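Student: I would like a close look at a single part. Please take me through the pocket linings, step by step.

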Amino acid sequence: WDSMTIDGDADEARQHALALLAPGACAGASQARQAATECVSLIEGNLLDADIGEATHVFVASLCFGDALLARVAAKLAAEACAARVVASLRPFSGELPGFVLDQRVTAEM
């Protein structure tokens, strides 16, 4: 993330994410750079420590997570991710993820 910020790639990623938002969700095109910073946040860190109450999209790099840790993540998402529209995880959650509906499962060769 640090190198993306230094190289300016983080701003570009924000711009692409902003383009996916519904029209009118942020400032107009002339203020796209400022709007991207205000509307899109990319957070790298420990999900269990993060405030995810306003997160609309959550990616969980769970490939090396054990079942117990994945269960803790599922509990946190169910309890706190009130605004989440999408949760993507490298490993499937065992059982159901309370409050979420499985829309699609994609398998990718690693």
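Tutor: Start with residue classes: Ala, Val, Leu, Ile, Met, Phe, Trp, Tyr, Cys and Pro count as nonpolar, Asp, Glu, Lys and Arg as charged, and the others, Gly among them, as polar. This is a predicted model, where local features need pLDDT of at least 70 and side-chain atom pairs need 80 or more, while totals for chains, interfaces and linings use all residues. Residues are numbered from 1 along each chain as its sequence is written, and side-chain values use heavy atoms, without hydrogens or water.

Now the pockets. A pocket is an open set of points on a 1 Å grid where a 1.4 Å probe fits, with protein on both sides within 12 Å along at least five of seven lines; lining residues have an atom within 4 Å of a point. Its volume is the space filled by probe spheres set on the points, which are joined across faces, edges and corners.

Take the second largest pocket. Its space comes to about 860 Å³. The lining has 23 residues, and Val-87, Ser-89, Leu-102, Gln-104 and Arg-105 lie nearest the centre. Sort that lining by class and you get 14 nonpolar, four polar and five charged residues.

Stay with Arg-105. You will find Arg-105 in the segment after S2. Helices (H or I, at least four residues) and strands (E, at least two) are DSSP runs, numbered from the N terminus. Strand S2 covers 86-89. Is Arg-105 buried or exposed? Buried means under 20% relative accessible area, exposed over 50%, and partly exposed in between (1.4 Å probe, protein chains only). Arg-105 has 57%, so it counts as exposed. Arg-105 and Ala-88 are 17 residues apart along the chain, yet their C-alpha atoms are separated by 9.3 Å. Asp-103 also belongs to the segment after S2. Asp-103 is exposed because its relative accessibility is 73%. Between the C-alpha atoms of Asp-103 and Val-86 there are 9.3 Å, with 17 residues of chain separation.

Next, the largest pocket. This one holds about 1,300 Å³ of space. Its lining numbers 31 residues; Ser-41, Ile-43, Ala-55, His-57 and Val-58 lie nearest its centre. By class there are 21 nonpolar, six polar and four charged residues. Which elements supply at least two residues each? They are S1 and H4. S1 gives the most, four residues. With a relative accessible area of 67%, Glu-44 is exposed. The C-alpha atoms of Glu-44 and Phe-59 lie 9.9 Å apart, across 15 residues of chain.

S1 and H4 return in the core. A nonpolar core is a set of buried Ala, Val, Leu, Ile, Met, Phe, Trp, Tyr and Cys residues joined through side-chain atoms within 4.5 Å. The largest one has 12 residues, including Val-58, Val-60, Leu-70 and Phe-93. Strand S1 (57-60) and helix H4 (67-80) are the elements that give two or more residues to this core. H4 gives the most, with four.

Contact means heavy atoms within 4.5 Å. Leaving out residues up to four places away in sequence, Leu-70 touches Ser-62, Phe-65, Ser-89, Arg-91, Pro-92 and Phe-93. Ser-89 is also one of the residues nearest the centre of the second largest pocket.

Finally, step back to the chain. It has four helices and two strands, in the order α-α-α-β-α-β from the N terminus. Of its 110 residues, 20% count as buried. Among contacts with a separation of 6 or more, 49% join residues 24 or more positions apart.
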